[in-house]
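Dear colleague,

Here is the structure I said I would pass on.

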Amino acid sequence: MIKIKVFKIVSIFSLVFTLIISGSKSHAIGYETFFDGFNDANPDGWIKMGNWYISNFDLEHYGVFTHSEDGNISKALVEELELSDQIIQTDLYLRDDNSNAGIILWFKDLNNFLEITIDPITDNINIEENILGNITKTAYPYISDSQIWYNLKVKVNPDIGKLDVFINNEYLFSHNVITNIYNGRTGVHNNIGNAYFDKFII
């Protein structure tokens, strides 16, 4: 009986370790809801608006999620989930000084969603709320550069309509939303230029 218990523990540990190292889509222990490290060279599990694909960057970021520059609609949404309260984070690399990119949440359609964007063009982090096609943008000063990896994290509290925004695990600011749509798909976006995404976690 003791040998069986030890075997089961080792097997469970091996499974979890394999899922985390592989970087593929997972609901494994250690992630709240969803994780994609893009190391499987297959962008399945995403609804892609634009030509999104997996590319290689360096040894640390072997697989990254990016897209070809084919227009302004460059969004990718997690396919299986519609969430309300959540904590989202992703590693993000802006490829040039004319790029901006970030996280999408509460996406219902192209006229109803919210975006949190790192924008080195204006040295801001912008929060854009698209409500029935009407966009309200709030800018929070933040000096950023291209060709640097950032970890962007957003804690979402729909009960009080508040977003807490972090860069590299450092708290920056809170934003009170004006939308009353507190549910939808979560993902990433790249509005101008081009960017790489890695280690996307909800």
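The notes below cover the sheet and then the salt bridges.

Please keep in mind that this is a predicted model.

The sheet

Seven strands make up an open, antiparallel sheet, in the order β2-β5-β14-β7-β8-β9-β10. The edges are taken by β2 (46–49) and β10 (134–141); each has a single partner strand, so one side of each has no neighbour in the sheet. From one strand to the next, the twist averages 20°.

I looked at β14 in some detail. This strand covers residues 185–192 and pairs with β5 (residues 75–78) in the antiparallel sense, over three bridges. Within that pairing, A76 is opposite V188, and L77 has G187 as its bridge partner. With β7 (residues 100–109), β14 also runs antiparallel, and here six bridges join the two strands. F107 stands opposite R185 in that strand.

The salt bridges

There are five salt bridges in the structure. Side chains of opposite charge can pair when their charged atoms come close. I describe some of the pairs here.

E82 and R185 form one of them, with 4.0 Å between the closest N and O atoms. This pair links distant parts of the chain: E82 lies in the loop between β5 and β6 (86–94), R185 lies in strand β14, and the two are 103 residues apart. E82 counts as partly exposed because its relative accessibility is 42%, which falls between the 20% limit for buried and the 50% limit for exposed.

A second pair is K199 with D198, where the closest N and O atoms are 3.5 Å apart. D198 has a relative accessibility of 1% and therefore counts as buried, whereas K199, at 30%, is partly exposed. Salt bridges with shared partners also join E82, K108 and R185 into one network.

D164 and K162 likewise meet through their side chains in a salt bridge, at 3.7 Å from N to O. Here D164 is buried, at 16% relative accessibility, and K162 is partly exposed, with a relative accessible area of 25%.

Best regards

Notes:
Residues are numbered from 1 along each chain as its sequence is written. This is a predicted model: local features need pLDDT of at least 70, side-chain atom pairs count only at pLDDT 80 or more; totals for chains, interfaces and linings use all residues. Side-chain values use heavy atoms; hydrogens and water are left out. Two strands pair if DSSP finds at least two bridges between them. Helices (H or I, at least four residues) and strands (E, at least two) are DSSP runs, numbered from the N terminus. Axes are lines fitted to C-alpha atoms, for helices over the stretch in contact, and angles run from 0 to 180 degrees between N-to-C directions. Buried means under 20% relative accessible area, exposed over 50%, partly exposed in between (1.4 Å probe, protein chains only).
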